[in-house]
Amino acid sequence: MSEMNWLEIEVSLQWIAVALYIAASSIYTYSLFFKNGNVLKRAEHITIFGLVLHSVALLLRWIEQGHGPYMTRYEVLSSDAWITLAMFLSLGLKWEKIRSAGVLVLPISFLMLVIGLFSNPSMQNLPPSLRSIWLVMHVTCAKLAAGAIITSLGCAILYLVKIKENQKFFYAKIPSPEILDEYSYKFAGFGFTFWTINIAAGAIWANQSWGRYWGWDPIETWSFITWLMYGMFAHLRLFWKWRGKKSALFLVVCFITSIFTIFILPFVANSLHAEYFTP
Amino acid sequence: MIHKQKRMKNKLRTILLSRKTALVGIAIIAFLSGISFVFPQQTACTPDYLMQWQKDHRALASIADALLLHSIFSSTIFLTCVGALFFSMCLSTYTVWKNQRSLTVNNSLLIKKKSLEFFEFIVEQKKGIKDILESFQRHGYSLKTQLPNDKFYTVKNEMSKWGTVLLHGGMLVIVAASLFHFVSDRRGFVQIIEGDTFFGAKDEFLVHEEGPLAKSFHPNLAIGLDKVAPRYYSNAEIQSLESGLKIADSNEDIVSKSVSVNHSIEVEGVTVYQTMSNGYTVGLILEKHGQKIPTYFSLDRPRKFSEPFAGISDFPTTDYSVSMRLFPNENKKSFELKNPKLLLSILKNGTSIFNDTLSLYEKIDFAGNRLTFSDIRQWSGFIVTESFGVSFIFAGFGMSLLGLFFIYFLPVKEIVFTIEQNDEHLKVFFYGYSRREKALFAEEFMEIMEEQYLNYGVVNVGNELVGN
């Protein structure tokens with residue numbers, strides 16, 4: 001099969017996945033605003049179906065081009081959306097109460113996927129410097145960090161909405177504000193951990209490739225700033241007892257910093273990383 | 001005097017252990033790092049780019065020059081913040097370590113009753129402590145100590161109490177090793193032509209960097225380049241790049257090694273990295289007044305097979321400069337050598353005096369001189385370093401990650417229960433505590449308590465939220 005045919009199949013599958021994610025998002029929203037918890041399962045099933053198609057699309061691309069989806073904007077955004085949703089669904093199995101955060105996690109994910117789909121989906125060759133197990137770890141952990149950070153943001157925003165609405169308007173089955181607050185902290189902690197692995201693996205890879213573990217490249221620098229922000233969050237929470245609203249708002253700031261680092265900077269900065277994230 | 005010194009020491013200790021110091025230090029470092037986004041850094045951009053930026057942003061450039069903002073990461077303020085945080089972390093890590101070591105159940109927060117929940121159960125004699133402990137084990141709590149007065153201390157993820165020490169200890173190792181690496185690092189970039197040897201002299205490096213406290217870098221090795229083997233994708237992007245080297249060490253023992261991108265080699269503490277840069281070197285011989293001047297010009301690889309390897313350079317010892325465009329393959333569909341053609345332009349004082357296309361070994365005459373296209377070989381770029389401390393940095397990362405894993409994935413949770421025996425029943429009191437996840441732990445605690453309730457029946461429940 002020619003490359004064009006593979007691409008057509010793959011892109012079509014991703015668009016179907018987008019449609020399913022939009023449907024699931026609508027159901028999540030409906031369940032929360034109309035206080036109907038029974039439809040949450042349906043939303044999850046639709047998300048899983050979308051995720052399966054999304055997985056097949058990514059897998060086809062992986063097989064066709066012989067490397068993981070981390071080279072172009074299209075691949076980066078699509079795989080980030082995939083990992084966020086896969087992570088959210090898996091974590092939902094262990095911590096059922098975070099399921100309601102789907103009302104934010106789903107739209108953020110399908111938005112990432114749609115932005116990716118509107119950029120150039122053509123396949124790119126893998127340069128030799130990107131052929132390293134440390135790069136795979138670096139990229140995977142960046143994606144896991146993004147997934148955890150988005151879930152954390154979902155919980156933080158639900159917290160902010162819940163305390164504002166004082167439980168009158170919003171579906172009562174959303175966990176209590178205290179629990180949402182702690183989930184947002186917990187997932188921010190997961191994100192912080194994966195972000196650290198991402199930095200460490202990147203440093204090892206850079207050292208292996210160029211004999212320099214750190215070069216103060218703009219993306220490295222902002223990655224470090226993001227890491228410091230989450231470090232500050234941990235300190236504020238533990239020592240200054242920042243809980244609730246202050247904690248949630250600070251998490252929103254951390255999220256904006258991380259989004260700037262992961263998704264915006266590679267496309268605007270003159271960076272070694274940006275070289276590979278071609279639009 | 002001694003008293004004053006002691007007071008100063010205590011004051012310094014108080015400042016370093018202050019939570020504000022840690023937070024302000026982190027905030028300043030984050031802010032200074034952010035500044036590097038506005039002002040291009042000497043470490044991260046080429047001198048040409050920096051000069052151009054300074055021309056384009058004159059007002060900003062004068063501020064940057066005055067405040068040394070182009071080298072923010074080696075500036076005094078940045079290094080002072082790092083130093084202050086380092087000592088603050090040293091002291092706080094030591095304090096936490098000391099506290100954790102001396103922490104016993106008797107002085108733990110639990111026994112001081114700063115616990116989260118308090119429950120009281122009456123348990124029938126036949127269902128004793130063993131059943132309660134088994135139920136706790138199912139939830140991951142194991143009996144740590146049985147104290148006098150029938151106090152039982154159970155804990156989940158006990159190892160994780162070292163999380164903070166590991167995280168901060170690892171960061172200390174990273175900072176210390178990075179600083180050591182920064183001051184002692186020695187490196188350089190060198191281009192070697194096939195068949196040539198690099199002897200480690202300073203002037204052979206195209207780029208040469210030494211840390212502020214590093215000795216002069218001239219590796220005691222001779223590196224000969226035997227063969228460059230690049231492979232390209234069909235669109236001319238580089239697929240792999242490998243070089244065969246012959247290295248003579250300080251004892252003049254010669255070893256053959258191959259180096260490729262991401263697979264460096266190390267000989268006597270010197271590491272050689274294959275870079276992604278390669279190309280062709282053109283050899284020209286200029287005959288002037290009967291004197292032969294052989295010169296080699298290294299040309300950079302183009303992005304497409306249809307484009308030439310190109311370069312402009314002065315011709316040494318003459319007032320000519322040459323502009324070269326080389327097509328190594330006559331079909332322009334590959335970079336492999338096949339009847340190479342050199343489009344040569346000779347300039348004098350910026351004016352073109354000769355233009356022609358030359359084949360290999362072809363000779364041309366211009367302005368009373370004779371020029372021969374005498375040689376064509378591949379060149380390859382290498383980074384040569386002598387660095388110390390990098391493995392410690394990675395070990396520090398390992399420690400920090402283990403600490404983070406303990407803190408966020410396996411938080412410590414503690415439950416203590418005490419037993420009072422009366423004639424008919426055992427009376428059991430439960431207390432629980434978790435430092436970081438109080439609300440989530442409260443849920444887990446309630447779940448365990450519900451189990452106890454179903455198993456034994458509850459007579460009295462006190463639900464005092466004593467902790468935060």
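1. Starting at the interface: the rule finds three salt bridges between chain A and chain B, a salt bridge being a side-chain nitrogen of Lys or Arg within 4 Å of a carboxyl oxygen of Asp or Glu. The side chains of B:Glu437 and A:Lys186 form a salt bridge, at 2.8 Å from N to O.

2. Bear in mind that this is a predicted model, with local features needing pLDDT of at least 70 and side-chain atom pairs counting only at pLDDT 80 or more, while totals for chains, interfaces and linings use all residues. Residues are numbered from 1 along each chain as its sequence is written, chains are lettered from A in the order in which they are written, and side-chain values use heavy atoms, without hydrogens and water.

3. On the A/B interface as a whole, 54 residues of chain A touch 53 of chain B (contact: heavy atoms within 4.5 Å). The two chains bury about 4,900 Å² between them, 67% of it on carbon and sulfur atoms (accessible area lost on being put together, 1.4 Å probe, summed over both). A:Glu182, A:Tyr213 and A:Trp216 supply 13% of what chain A buries against chain B, more than any other three residues.

4. Within chain A, the axes of helix H6 (residues 177-210) and helix H7 (residues 218-239) come within 10 Å and cross at roughly 145° (lines fitted to C-alpha atoms over the stretch in contact; angles run from 0 to 180 degrees between N-to-C directions). Helices here are DSSP runs of H or I with at least four residues, and strands are E runs of at least two, numbered from the N terminus.

5. In chain B, strands E15 (residues 341-348) and E16 (residues 351-359) pair antiparallel over eight bridges (pairing takes at least two DSSP bridges). B:Lys348 has B:Thr351 of E16(B) as its bridge partner.
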